[in-house]
Amino acid sequence: GASAYRREVFVRHRFSEFFQGYAQGEDVEMSRRIARDWALLECGDAHVVHDHAETGRPLGFERGRMTVRNRTFIWRRHNTGVGIADRLRYWCDHLFSALYYVGVFLSRPRQIHNLTYAFGLVAGVVEYGIAPPRYVEPAARQGYRADLKLLNEGAA
């Protein structure tokens with residue numbers, strides 16, 4: 001999806017620096033934080049052009065590993081008090097995704113990226129089980145406040 005935010009949002013919020021590298025999910029995570037203070041609106045009629053950069057996505061294995069890492073970061077940050085059944089369902093989703101991509105590879109063996117992506121998913125689950133990422137989010141930069149003040153003074 002595409003998103004747009006009011007300038008005032010950035011006084012308190014910014015995209016998490018946790019997602020440096022391959023930023024899959026950074027928009028979801030930020031939207032969940034912004035929704036605590038603002039009403040989020042949807043425009044189903046909007047049209048955007050999304051051109052992928054050639055170097056924008058890592059190779060299959062690294063992308064699979066980072067998918068687990070990023071989704072788990074979002075899930076843990078925004079879903080507190082989940083039960084054992086929900087945890088099991090969450091982790092099974094990653095493992096079923098890995099099986100799916102192995103199946104896709106078996107049906108199209110020339111597309112090796114599906115197999116490496118599946119291995120990356122499994123590696124991400126194992127890596128998370130051994131050493132879950134710990135991250136403390138720094139506060140939003142104060143420069144946004146100054147920019148907003150200048151913007152408001154210029155409009156007056």
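Visitor: How are helices and strands defined here, and how many helices does the protein have?

Guide: Helices are DSSP runs of H or I with at least four residues, and strands are runs of E with at least two, numbered from the N terminus. The model is predicted. Along the sequence the pattern reads α-α-α-α-α. The protein has zero strands, and its helices number five.

Visitor: What share of the residues in the protein is buried?

Guide: A residue counts as buried when its relative accessible area is under 20%. The protein has 156 residues, and the buried share of them is 28%.

Visitor: Which parts of the chain does the salt bridge between R12 and D37 tie together, and how many residues apart are they in sequence?

Guide: The side chains of R12 and D37 meet in a salt bridge, at 2.8 Å from N to O. R12 lies in the segment before α1 (26-34), whereas D37 belongs to the loop between α1 and α2 (60-78), so the pair ties together parts whose separation in sequence is 25 residues.

Visitor: Are R12 and D37 buried, partly exposed or exposed?

Guide: The cut-off for an exposed residue is over 50% relative accessible area, and partly exposed residues fall between that value and 20%. R12 has a relative accessible area of 57% and is therefore exposed. D37, at 38% relative accessibility, is therefore partly exposed.

Visitor: Which helix holds both E62 and R65?

Guide: E62 forms a salt bridge with R65, and their closest N and O atoms are 2.6 Å apart. The two residues are three apart, about one turn of the helix, and both lie in helix α2.

Visitor: Where do D86 and R89 lie?

Guide: A salt bridge joins the side chains of D86 and R89, with 2.7 Å from N to O. D86 is partly exposed at 34% relative accessibility, while R89 is exposed at 54%. The two residues are three apart, about one turn, and both lie in helix α3 (residues 84-107).

Visitor: How many salt bridges does the structure hold, and which residues are linked in a network of them?

Guide: The structure holds eight salt bridges. A network of salt bridges links E29, R33 and R77.

Visitor: Which helix gives the largest share of the nonpolar patch?

Guide: The nonpolar surface patch covers about 360 Å² and is made by L95, V122, V126 and I130. Patch residues need over 30% relative accessible area, and V122 is partly exposed at 36%. V122 is placed in helix α4. The largest share of the patch, three residues, comes from helix α4 (residues 112-130).

Visitor: How many residues line the largest pocket, and which of them lie nearest its centre?

Guide: About 600 Å³ of space lies in the largest pocket. Its lining consists of 18 residues, and those nearest the centre are A2, S3, A4, L41 and E42.

Terms used: Residues are numbered from 1 along each chain as its sequence is written. This is a predicted model: local features need pLDDT of at least 70, side-chain atom pairs count only at pLDDT 80 or more; totals for chains, interfaces and linings use all residues. Side-chain values use heavy atoms; hydrogens and water are left out. Patches are made of residues with over 30% relative accessible area and no salt bridge: like charges are joined within 9 Å, nonpolar side chains (Val, Leu, Ile, Met, Phe, Trp, Tyr) within 5 Å. Accessible areas come from the Shrake-Rupley method with a 1.4 Å probe; for residues, only the protein chains shown count as cover. A salt bridge is a side-chain nitrogen of Lys or Arg within 4 Å of a carboxyl oxygen of Asp or Glu. Buried means under 20% relative accessible area, exposed over 50%, partly exposed in between (1.4 Å probe, protein chains only). On a 1 Å grid over the protein atoms alone, a cavity is a set of points where a 1.4 Å probe fits but cannot get out, and a pocket is an open set with protein on both sides within 12 Å along at least five of seven lines; lining residues have an atom within 4 Å of a point. Grid points are joined across faces, edges and corners, and a volume is the space filled by probe spheres set on the points.
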